[in-house]
Amino acid sequence: MQRTTYHVGEFADLAGVTVRTLRYYDQSGLLRPARRGSTRQYHQTDLLRLQQILTLKALGFSLNEIRDLLEDPHYDLRRSFAIQREAIHAEIERLQKALTGLDLTIAHLDATNQIDWHEIAVIVTALNADYKQEWSRRYYSDEQRARFAQATPAEVEAGTRGWMQLTEDYKVARHLPPDHPQVQALAARQVELVRAFTQGDPEVEKSLKAMYANFESIPPEFRLFDRDLLEYMGEAVRIYQAQQS
């Protein structure tokens, strides 16, 4: 019969991590095993959660970001696997560019005893690529990003301007309760902006929600609002949508 429970040392051996790592994840609230008295007891489901933690950590997520993502009530395991797959694929492509540049540089050096500065630039660019700038790959599929790229400059400018103005208006009104008529008018504008972005595609809407559920992973330069304002806007929209249904 296959075992389903493990003591901490056994689980560490099974997962290929140290006992110290498991204790740290336990203390930080990332991976809390069941307990029998003072003894930690790990289950097979803990192995799955550990896989999620280690993969997301390797992809550049902070431990706080991982905790927020895994504890989100809308967390979708299958979608998480898909996001991790796309992110790993993007990282492989980045390293492959650097590897190709190194191979060509070595070949050129062997043949001419000179440095190919173009390939050096390729290597530097590939190795210096900030993975955080690829944050959208974690949430949007290649097909979705390709559709976004088809937007005209005027459409992009209009959408950006609309969101910036909406954010400023929310900041002005944030002293009001989210069910206030003035705030509800902003919520209606927000719903329309989201609809314009998603084009009514439920999969794009799902991707958008997943991205904002992991707010800390969004590079600061791309954030139009802080987490408190995001929650305020979300509550206003929930009230608006409840009233519309």
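**Close-up views of a predicted model**

View 1. Val8 sits in helix α1 (residues 8–15); helices here are DSSP runs of H or I with at least four residues, strands are runs of E with at least two, and both are numbered from the N terminus. This is a predicted model, where local features need pLDDT of at least 70 and side-chain atom pairs count only at pLDDT 80 or more, while totals for chains, interfaces and linings use all residues. Residues are numbered from 1 along each chain as its sequence is written, and side-chain values use heavy atoms, with hydrogens and water left out. Val8 counts as buried because its relative accessibility is 17% (buried is under 20% relative accessible area, exposed over 50%, partly exposed in between, with a 1.4 Å probe and protein chains only). Leaving aside residues up to four places away in sequence, Val8 touches Val19, Leu22, Arg40 and Tyr42 (contact means heavy atoms within 4.5 Å). Val8 and Gln41 are 33 residues apart in sequence, yet their C-alpha atoms are 6.6 Å apart in space.

View 2. The structure has 5 aromatic pairs: rings of Phe, Tyr and Trp (its six-membered ring) with centres within 6.5 Å, called stacked with planes under 30 degrees apart, edge-to-face over 60 and tilted for the rest. One of them is the stacked pair of Phe11 and Tyr42, at 4.4 Å centre to centre and 5 degrees between the planes. Phe11 belongs to helix α1 and Tyr42 to strand β3 (residues 39–43), so this pair ties together parts 31 residues apart in sequence. Phe11 and Tyr42 are both buried.

**View 3. Tyr170 and Tyr232, edge-to-face.** These two rings, Tyr170 and Tyr232, count as edge-to-face because their planes are at 85 degrees, with the centres 6.1 Å apart. Tyr170 is in helix α8 (residues 153–173) and Tyr232 in helix α11 (residues 227–244), so to speak distant parts of the chain, 62 residues apart. Both Tyr170 and Tyr232 are buried.

**View 4. A cluster of rings.** Here Tyr6, Phe11 and Tyr42 are linked into a cluster by ring pairs.

**View 5. How confident is the predictor?** pLDDT is the predictor's confidence in each residue, from 0 to 100. The chain averages 82, and 91% of the residues score at least 70. Mean confidence is lowest in helix α6 (residues 117–128), at 67, and highest in helix α9 (residues 181–198), at 94.
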